[in-house]
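Please open the model in your viewer, with residue selection and distance tools at hand. The stops below say what to select next and what is found there.

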Amino acid sequence: MCTPRAFLFAATYMVAAQSAVGGQTTGLGQPISEADVAPWAITVFPSGRGLPPGSGTAVEGAKVYEIKCAACHGDAGQGGLGPVLISDRKRQGIDESTVTIPNYWPYATTVYDYVRRAMPWQSPRSTSDQEAWDLTAFILEKNDLIPPNSTIDARSLPLVKMPNRDGFIPAFPKLLPAKHPVADQAGH
Ligand code: HEC
């Protein structure tokens, strides 16, 4: 016999099963809007896609570095609480203690992405686009990866060839630098 209680259980079960099958929501959480996502949709690809407008110089970067970064990375980028940022140290295989930006990172654009997204460590996402431009110029110039007194921008940064560029097998060749870096800016 079908008691009201058993019927209710069966009905509930069917609704739940239907929701799962129909791809409907569980009623938990709340919808996320484009505006909620926007502050975190900040990926910069190797090709330069995603870089904001603007430009940076090491001179300006040095000022920001001293205030926001040196406490952990050392006055001269030699490392401390945070890893070494400026060095001519040779890498020994994949030994993490010898890996640095200049001897390991394949793309200069990642410096911009990482700094803007994750640093300073205690306050991620507090770095402005302008500060990230200047800090990227500072880190690259101090590592002799760009000429002294350069200005970097969305056009030139993807063209900086990092020493270990060819040390990786690219998973997404279309997103590599020099594959339409400028067209990518326009969202093509
Ligand atoms: C409170 C300490 C602290 C401060 C301040 C700080 N960092 Fe860091 N940073 C770290 C730590 C710790 C790591 C390693 C994080 C990890 O591996 O997960 C790191 C990693 C990095 C890396 C990646 C290095 C690598 O080879 O993997 C970069 C680049 C960097 N920081 C840049 C900066 C810049 C630029 C600033 C200033 C805006 C800054 N950091 C401020 C602690 C700090």
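This is a predicted model: local features need pLDDT of at least 70, side-chain atom pairs count only at pLDDT 80 or more; totals for chains, interfaces and linings use all residues.

Select Ile94 to begin, which sits in the loop between H4 and H5, where helices (H or I, at least four residues) and strands (E, at least two) are DSSP runs numbered from the N terminus. Ile94 counts as exposed because it has 8 C-beta neighbours inside 10 Å; a residue is called buried if 20 or more other C-beta atoms lie within 10 Å of its own, exposed if 12 or fewer, and partly exposed in between, with C-beta atoms placed from the backbone.

Residues are numbered from 1 along each chain as its sequence is written.

Next, colour the chain by secondary structure, which comes to eight helices and two strands, running α-α-β-α-α-α-α-α-β-α from the N terminus on. Of the 188 residues in the chain, 28% are buried.

Now select H6, residues 109-118, and show its buried residues, Thr109, Val111, Tyr112, Val115 and Arg116. They lie on the same side of H6, because they cover an arc of only 160 degrees around the axis, the arc being that of the directions from the helix axis to the C-beta atoms. Among what covers these buried residues are helix H5 (101-104) and helix H7 (129-142).

The contact (C-beta atoms, placed from the backbone, within 7 Å) involves residues including Ala58, Val64 and Tyr65 of H3 and Leu135, Phe138 and Lys142 of H7.

Finally, select the ligand, which 20 residues surround, the closest being Cys69, Cys72, Gly82, Met119 and Trp121; a residue is near a molecule if its C-beta atom, placed from the backbone, lies within 6 Å of it. Helix H4 (70-73) and helix H6 each supply at least two residues of this shell.

Conventions: Two residues are in contact if their C-beta atoms, placed from the backbone, lie within 7 Å.
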